[in-house]
Amino acid sequence: MAVVGAGMSGLVAARHLRRRGVAVLVLESADRPGGRMLAETSVLGSRLDLGGQWVGHGHRRLEALAAELGTELYPMRTPGRPDFIDGSRLIPAAGPAVLTASAVLLAWEIRTRRPAPRRWEARTVAAWLGRVPGRRARRLLEVLLSVTSTADLDRYSMHALAEAVRYQGGLTAMTATRGGAQEKLIVEGAGTLTDRLAAEPGARVLTGHRVTRIRHDDDGVTLGTTSGTVRAARAIVTVPPPVSAGIAYDPPLPAARTALERNTYMGSVYKAIAVYERPWWRNRREHAEFMLLGRPGGAVFDTSPPDGPGHLCFLVAGPEARELDGLRAEDRRRTLLGPLAPHLGPEVLAPAGWHEKSWHLVEHVGGGYAALASPGATDGYFPMPSEPVGALHWAGTETAREHAGYIEGAIESGERAAREVLEGLARGAGGGGEV
Ligand SMILES: Cc1cc2nc3c(=O)[nH]c(=O)nc-3n(C[C@H](O)[C@H](O)[C@H](O)COP(=O)(O)OP(=O)(O)OC[C@H]3O[C@@H](n4cnc5c(N)ncnc54)[C@H](O)[C@@H]3O)c2cc1C
């Protein structure tokens with residue numbers, strides 16, 4: 001058996017198969033496992049995540065895996081609602097911008113309980129936002145929806161957004177910390193989970209092996225990589241559709257699969273963590289959770305580990321994440337930390353450590369948090385199709401029946417694809433593999 005991609009879904013699929021006695025080789029194009037998960041160690045010794053990090057409410061597979069791999073969870077410290085900073089000023093919570101945006105979100109929350117009308121397929125979120133009254137209310141919604149989805153809002157339909165919200169159980173569930181998608185964190189870093197999975201005894205993960213060609217027939221699969229050829233009975237491809245478009249298939253995949261690759265794109269996202277000796281801001285104010293409405297807009301969270309140093313996490317998404325690419329590292333840092341100084345104090349400008357990553361620039365991943373549907377392309381909605389094509393199976397968070405887009409979805413999809421393979425092997429189909 002071969003697995004393409006050593007992200008969470010590929011590593012889970014390989015482990016599931018290995019535990020049932022199937023020999024598995026994981027081929028990974030990057031020089032490290034983990035894909036969209038990446039933990040680093042700060043100068044102060046704390047662990048932090050530049051990729052996926054939060055354990056959402058009800059993400060039971062992830063919680064179980066974190067416990068099994070010997071890591072510890074801690075609750076997010078959160079006010080429940082962030083403060084909004086425009087330029088350097090705090091916007092009043094009861095002011096017209098916040099009230100208008102809240103009313104729009106409430107109306108949306110109610111509307112998205114029903115299927116979205118088809119006419120929304122041709123209407124972009126950017127066009128819809130243009131009709132919200134008030135510049136600041138519009139901007140607040142723009143930043144919120146951008147950071148939540150990582151979409152280019154002029155390339156994302158109202159229909160796609162509404163269906164994504166419905167699928168995830170509502171906007172509140174998507175954006176909330178307590179009881180929502182950002183409920184807990186992992187002391188050792190979520191990226192430690194993929195590191196530990198790849199290092200387990202018996203795990204065979206070949207990094208630096210990009211799969212460029214896949215020949216598939218009734219007898220099995222031949223994978224051409226940048227370093228040689230691998231023959232397997234079956235293969236699980238865990239690469240998200242817009243990225244797997246770079247693999248040549250022989251015979252070509254069914255038209256629906258090719259259309260899915262063409263009709264989806266990876267979100268753009270920049271993430272940074274500022275590290276301080278301690279979370280000193282907690283002595284001064286109740287919390288350090290903000291939405292920045294200047295340019296770039298973004299979200300700031302206090303992700304400090306318990307009893308550890310202070311961590312402030314920054315997320316900037318969509319076109320504004322790409323705009324940051326043109327700045328020098330110190331200018332990016334100043335641009336993001338500057339608006340916080342009037343509220344947290346000048347100490348915020350001098351972190352002991354600064355870790356950052358622009359995921360849309362990572363060749364092997366293509367962006368994040370996940371793949372998104374282009375306007376009008378309903379095949380790109382969660383869960384994305386994963387119907388096997390002969391001996392080829394599909395996994396990856398985008399294909400998850402539950403919590404697609406999240407680490408939890410990656411785990412679910414890896415387990416599901418492994419079960420499909422076991423059923424296929426039990427039927428005796430695709431028996432000519434060597435790994
Ligand atoms: C900045 C950021 C923040 C996030 N925050 C959260 C969060 O807080 N909580 C949460 O639950 N989720 C979060 N996510 C999403 C989460 O990280 C992903 O859902 C999950 O990691 C996806 O795993 P995967 O295995 O499906 O895909 P990937 O991790 O993308 O794995 C696919 C692998 O395939 C490899 N690959 C690509 N092409 C080839 C090829 N041709 N040959 C061989 N290998 C190839 C890639 O290098 C990659 O390693 C975040 C993502 C990002 C980027």
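The views below come from a predicted model, in which local features need pLDDT of at least 70 and side-chain atom pairs count only at pLDDT 80 or more, while totals for chains, interfaces and linings use all residues. Residue numbers start from 1 along each chain as its sequence is written.

**View 1. Helices α3 and α5 are oblique to each other.** Helix α3 (residues 96-111) packs on helix α5 (residues 135-149) at an angle of about 50 degrees, with the axes 8 Å apart; the two are therefore oblique. Helices (H or I, at least four residues) and strands (E, at least two) are DSSP runs, numbered from the N terminus. Axes are lines fitted to C-alpha atoms, for helices over the stretch in contact, and angles run from 0 to 180 degrees between N-to-C directions. The crossing is right-handed, meaning that the near helix is turned clockwise from the far one by less than a right angle. A97, T100, A101 and V104 of α3 meet R136, A137, L140 and L141 of α5; contact requires C-beta atoms, placed from the backbone, within 7 Å. By class, this contact has 6 nonpolar, 1 polar and 1 charged residues. Ala, Val, Leu, Ile, Met, Phe, Trp, Tyr, Cys and Pro count as nonpolar, Asp, Glu, Lys and Arg as charged, and the others, Gly among them, as polar.

**View 2. An open sheet has 4 strands in the order β12-β11-β10-β14.** Pairing in this sheet is mixed, where two strands pair if DSSP finds at least two bridges between them. The edge strands, β12 (228-232) and β14 (248-250), each pair on one side only. From one strand to the next the twist averages 15 degrees. Strand β10 (residues 211-217) runs parallel to β14 over 3 bridges, and I214 stands opposite Y249 in β14.

**View 3. Strand β6 pairs with β17 and with β7.** Strand β6 (residues 83-86) is parallel to β17 (residues 290-292), with 3 bridges; I85 has L292 as its bridge partner in β17. With β7 (residues 89-90), β6 is antiparallel, over 2 bridges, and I85 stands opposite L90. β6 and β7 form a hairpin with 2 residues between them, and G87 in the turn has a positive phi of about 70 degrees.

**View 4. The ligand is surrounded by 41 residues.** The closest are G5, G7, G35, G52 and G368. Elements giving two or more residues to the shell are α1 (8-18), β16 (269-276) and α14 (407-426). The shell divides into 20 nonpolar, 16 polar and 5 charged residues.

Terms used: Parallel < 35°, antiparallel > 145°, perpendicular 65-115°, else oblique. Contact = placed C-beta atoms within 7 Å. Near = placed C-beta within 6 Å.
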